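The following note sets out points for a colleague who is about to work from this model. Please read it beside the sequence and the coordinates.

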Amino acid sequence: MADGIAEGVVSREQLIFSLYEAAELEHNLMCTYLYAAFSLKDGEKEGLNAEEAAAVKRWRQAVIDVAIEEMGHLSAVWNITSALGGSPRFGRMNFPLDIGYLPAGIVVKLAPFNAHTLQHFIHLERPIGSDEPDGEGYTIERQFKRGSETARLTPMPMNYETVGEFYETISRQLKAFSERMGEDKAFIGDKTLQLSPDEIDLGGAKRVICLKTALQAFDAIVVQGEGAPGHNDQSHFSKFAAIREELARLTAKNPNFHPAHPAATNPVLRRPPKPEGRVWLEDPEAVATVDLANACYGQMLRFLGYSFLVPNGPEKSLAVDLGIGLMRAATYLGEQAARLPAGPSNPNCNAGMSFATLRDAAPLPQGVAAWRLFAERLNAFAAAAERLVAQSNSERPIGAARVLLSLAEQARRGEELYVQAPGRPAAPVPQKLPATTNSGEVTTNAHGIETVVGKSVTIDFEGKRCIHARFCVTGAPKVFLANVEGPWIHPDAMDGEKLVAIAEACPSGAIRYRRNDGRPEETPPPVNLAAVREGGPYAFRGDISLDGKRAGYRMTLCRCGASKNKPFCDGSHHDIGFNATGEPTPADAKTDMLEVRDGPLAIDPQIDGPLRVRGNLEITAGTGKVVARVKGAYLCRCGGSANKPFCDGTHSKIGFKS
């Protein structure tokens with residue numbers, strides 16, 4: 001028996017109860033790590049010397065990487081909960097956590113980065129058996145032990161000294177439950193409701209289908225961070241310990257070294273009933289910034305909760321993408337808050353994002369009503385961000401506004417998933433004009449597309465997509481006239497079948513066609529492809545949608561980061577001397593054959609980030625060699641990734657703007 005729970009007779013209810021605490025624990029740790037990272041200073045412009053600036057930049061990225069891994073742990077816990085037939089919990093207590101909510105040895109509060117906060121992180125992530133003390137200011141008010149000495153029907157919390165010990169206990173209980181019930185009866189949840197690599201690029205987001213995969217998820221959490229073996233250099237414990245060593249060295253070298261802004265400890269937006277240990281924010285700009293940051297965070301939880309209600313597919317992926325996008329906006333705002341004054345009652349103290357939660361973070365019922373609420377909220381967020389920009393016009397609110405405007409537009413797609421006719425809609429094309437036989441070709445221009453109607457074939461030319469590959473002017477020089485004034489496309493100057501072949505060879509999709517003679521139209525390719533050009537762009541072929549809008553079957557997109565016509569390639573890779581191999585061998589490439597090789601291919605360029613690609617896709621080198629086969633990926637488009645063609649986060653380090 002462990003803390004009143006007989007492991008041989010542990011119930012499903014008790015397991016889900018414990019998993020709820022695990023989710024809240026990971027969730028809380030993620031928030032505290034992000035808060036500390038937001039407070040770190042940004043280079044020499046904020047008072048650091050060159051050596052300090054380089055170190056602090058590394059620390060910020062390391063802490064954020066740990067927070068992202070906590071998000072992966074959280075996803076793993078949610079997937080296990082879902083696999084057991086439960087509905088993942090997305091709520092938590094507001095900061096600071098009341099004593100007793102977690103074991104007495106675990107203190108959780110928001111605090112800026114400093115040596116004491118860092119030591120607290122090390123203490124939380126310490127391996128089992130470690131004697132690492134807690135940081136100063138994290139003193140336990142009183143010692144107590146949770147749990148009960150007798151087994152009860154009502155789920156009871158367990159006591160534990162380290163997070164690793166907590167997970168070891170849950171693992172034993174889950175194994176005992178599965179052996180008693182049988183795996184087929186233990187793991188009864190709908191597996192399509194879980195998060196997977198198809199929706200989110202996190203190590204913990206793998207489907208749980210049996211006891212083995214559940215235990216693997218727990219082991220990954222422990223080894224990667226909480227309670228990891230002491231000599232795992234990539235564990236959270238080791239990463240924080242390395243920062244501690246460098247912080248001590250730089251502080252000894254410069255006693256006036258302060259790597260972070262004096263952000264508040266436990267900021268709140270309303271006068272707290274218990275003011276001790278909290279900072280009430282009063283500055284109007286700080287209040288507006290934190291309010292928007294918290295709203296983005298709360299809506300992120302709504303999106304993640306909603307994603308566990310819907311099966312794998314476009315709606316689930318959209319909900320996850322919007323949730324991740326909101327955290328990008330919240331990051332801009334959280335960093336801005338740490339640089340604003342808290343108010344007159346707390347001089348020499350800055351504000352900070354409080355990560356306030358809604359009273360109920362439960363997901364909304366699936367359907368069009370939820371998406372209308374989502375769209376309303378994101379429109380309100382975008383408007384609030386524009387007001388912040390008008391008030392301060394600083395780079396971080398501007399970044400948040402750009403992200404939120406994009407997300408508001410994307411949210412409209414959710415409603416369209418319900419209001420559109422069943423089945424995949426046909427690609428939007430300019431209005432078809434009646435073909436002419438004796439009066440000659442008819443040319444029109446609308447929405448940037450030049451349309452020329454011939455007897456057997458209508459040609460649409462979209463100039464902004466053209467990369468001047470010259471397949472048209474060399475393959476059909478009498479149809480596509482180079483360097484002429486006036487009309488330059490003459491579809492009747494060539495046999496229709498041959499002209500169709502030339503149009504389908506256009507790699508950018510700038511040239512598309514429609515048949516006027518009843519012959520078959522262009523169809524999607526049997527295999528979705530993304531060819532990586534030597535020192536050049538991506539050439540996609542598939543049933544493509546770009547930013548949620550149908551875009552035909554061919555497209556060439558920038559990967560050098562320099563195009564003035566993003567996301568399309570405009571040849572700038574030649575101008576900047578972009579040097580990138582067309583035969584990449586990325587570290588995490590998978591080349592196992594896909595069960596399905598065609599189907600919809602959704603490409604969503606992320607604001608100031610990579611190309612988010614969803615759908616079955618074979619990535620090939622210029623020679624045709626397979627680089628990777630994926631069902632979804634983030635592809636670099638800043639030109640800087642060391643793991644091309646995949647994104648490795650370099651876009652944020654180099655300040656890439658899309």
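1. Where pLDDT is low, the predicted coordinates should not be read in detail. The chain as a whole averages a pLDDT of 87, and 92% of the residues score at least 70.

2. On conventions, this is a predicted model, in which local features need pLDDT of at least 70 and side-chain atom pairs count only at pLDDT 80 or more, whereas totals for chains, interfaces and linings use all residues. Residues are numbered from 1 along each chain as its sequence is written, and side-chain values use heavy atoms, leaving out hydrogens and water.

3. How many disulfides (cysteine sulfur atoms within 2.5 Å) does the model contain? The count is 0. For Cys31, the nearest cysteine sulfur belongs to Cys296, 14 Å away. Cys558 is also in no disulfide, its nearest cysteine sulfur being that of Cys560 at 3.8 Å.

4. Burial is defined by relative accessible area: buried is under 20%, exposed over 50%, and partly exposed in between (1.4 Å probe, protein chains only). Cys31 is buried at 0%, and Cys558 is buried at 5%.

5. Helices are DSSP runs (H or I, at least four residues), numbered from the N terminus. The 18 residues of helix H7 (residues 236-253) should span 26 Å at 1.5 Å a residue, and the end C-alpha atoms are 26 Å apart, which agrees; the expected span is 1.5 Å times one less than the number of residues. Among the buried residues of H7 are His236, Phe240 and Leu247. The buried residues of H7 pack against helices H1 (12-39), H2 (50-83), H3 (115-124) and H6 (211-224).

6. The whole structure holds 20 aromatic pairs, counted for rings of Phe, Tyr and Trp (its six-membered ring) with centres within 6.5 Å; planes under 30 degrees apart are stacked, over 60 edge-to-face and the rest tilted. Trp78 and Phe308 are edge-to-face, because their centres are 5.9 Å apart and their planes at 75 degrees. Trp78 lies in helix H2 and Phe308 in the loop between helix H8 (284-307) and H9, 230 residues apart. Both residues, Trp78 and Phe308, are buried.

Note on methods:
Disulfide = S-S within 2.5 Å. pLDDT = per-residue confidence, 0-100. Helix = DSSP H or I, 4+ residues; strand = E, 2+ residues; numbered from the N terminus. Contact = heavy atoms within 4.5 Å.
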